[in-house]
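I opened this notebook to keep track of what I looked up in one structure, entry by entry. The sequence and the model come first, and my notes follow.

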Amino acid sequence: MLGVLPRSGLGLGLGGVRYIYRKPGTPIRGTEFVKAPAWDWHLNLNANDIPKDQWKEPFESSPENPKVFLDILIRKEPVGRLVFELAEKVVPLSVANFIKFCKGEIEYKGELYGYPGTVVHHIFRDLLWLAGDVAVRTEYGDFQHGDMRTFSGFVPNENFELKHTGRGVLSFAHAHGHPQSASQFLVTSCPCPHLDGRNVVIGKVVDGEDVLGRIELSRKRHGKPVHEIRIGASGVL
């Protein structure tokens, strides 16, 4: 099972892509590196050996917790909805920011930004997938990396009380080595303890497991989806 071990910090920022190579067909002997786009990520096949019977949810559900949804399109065809329960009592500031992104209420240079129209841009099989990059909108309507120093969507890393303890855990991606989070988020496919203390966990998937599986098993090339996976609508339930 794939796991990730950062070389220095998590490096889930907006930096350049680096490739690590392993000769195809070589046997697994301890640490094995594979070719993958990485923000200083090391993909280590033995980093996550937690048995499935030890996987657990990051927090207990409560009817008082807010829920948000992401409608997912693959190759421009609707495949269903992901519903997340957010841990508002533990990380209220981070949850409020995520809700603003879902509602498209983050302002930048006089324009409103949010998750609708953004894509799932990286998938690491049996580990996690990344989405939610609203950095710069191109003339074609896509969102790409850009300079966001004045971006109002940045929030401090609130706390690391919740852990990446199982599948479907939602957390903000670390903002390029700074003690803050921006718009990008990740959803785990398994426990990811190496992310604890680096990424702020804000929620968990509570509905749409079939959609989660479609994303996790999507074809990819060097970590990037072969076919476009896009967030259609998003909002609060």
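This is a predicted model: local features need pLDDT of at least 70, side-chain atom pairs count only at pLDDT 80 or more; totals for chains, interfaces and linings use all residues.

I began with E209 and R167, whose side chains meet in a salt bridge at 3.1 Å, N to O; the term stands for a side-chain nitrogen of Lys or Arg within 4 Å of a carboxyl oxygen of Asp or Glu. E209 lies in helix α2 (residues 209-216) and R167 in the loop between β13 (155-156) and β14 (169-174), so the pair ties together parts that are 42 residues apart in sequence.

Residues are numbered from 1 along each chain as its sequence is written, and side-chain values use heavy atoms, with hydrogens and water left out.

Next I looked up how covered these residues are, taking buried as under 20% relative accessible area, exposed as over 50% and partly exposed as in between (1.4 Å probe, protein chains only). E209 counts as exposed at 56% relative accessibility, whereas R167 is partly exposed at 31%.

Which other residue forms a salt bridge with R167? I found E216, with the closest N and O atoms 2.9 Å apart. This pair also links distant parts of the chain, since E216 is in helix α2 and R167 in the loop between β13 and β14, 49 residues apart. E216 counts as buried, at 12% relative accessibility. Taken together, R167, E209 and E216 are linked in a network of salt bridges.

I then turned to K103, which forms a salt bridge with E105, the closest N and O atoms lying 3.6 Å apart. Here K103 is partly exposed at 46% relative accessibility, and E105 is partly exposed as well, at 41%. The count of salt bridges comes to seven.

My next entry concerns strand β10 (residues 128-131), where both faces are covered: L128 and L130 on one side and W129 and A131 on the other are all buried. Strand β9 (residues 120-124) runs antiparallel to β10 and is joined to it by four bridges, two strands being counted as paired if DSSP finds at least two bridges between them. I noted that the bridge partner of I123 in β10 is W129, and that in the hairpin of β9 and β10, which has three residues between the strands, D126 takes a positive phi near 60°.

Where does H227 sit? I placed H227 in the loop between β18 (224-225) and β19 (229-236), and its relative accessible area of 26% makes it partly exposed. Leaving aside neighbours within four places in sequence, H227 is in contact with R75 and R219, contact meaning heavy atoms within 4.5 Å. H227 and R75 are 152 residues apart in sequence, yet 5.8 Å apart in space, C-alpha to C-alpha.

Last, I wrote down the totals. The secondary structure of the chain comes to two helices and 19 strands, and buried residues make up 51% of its 237 residues. Among contacts between residues at least 6 apart in sequence, 69% join residues at least 24 apart.
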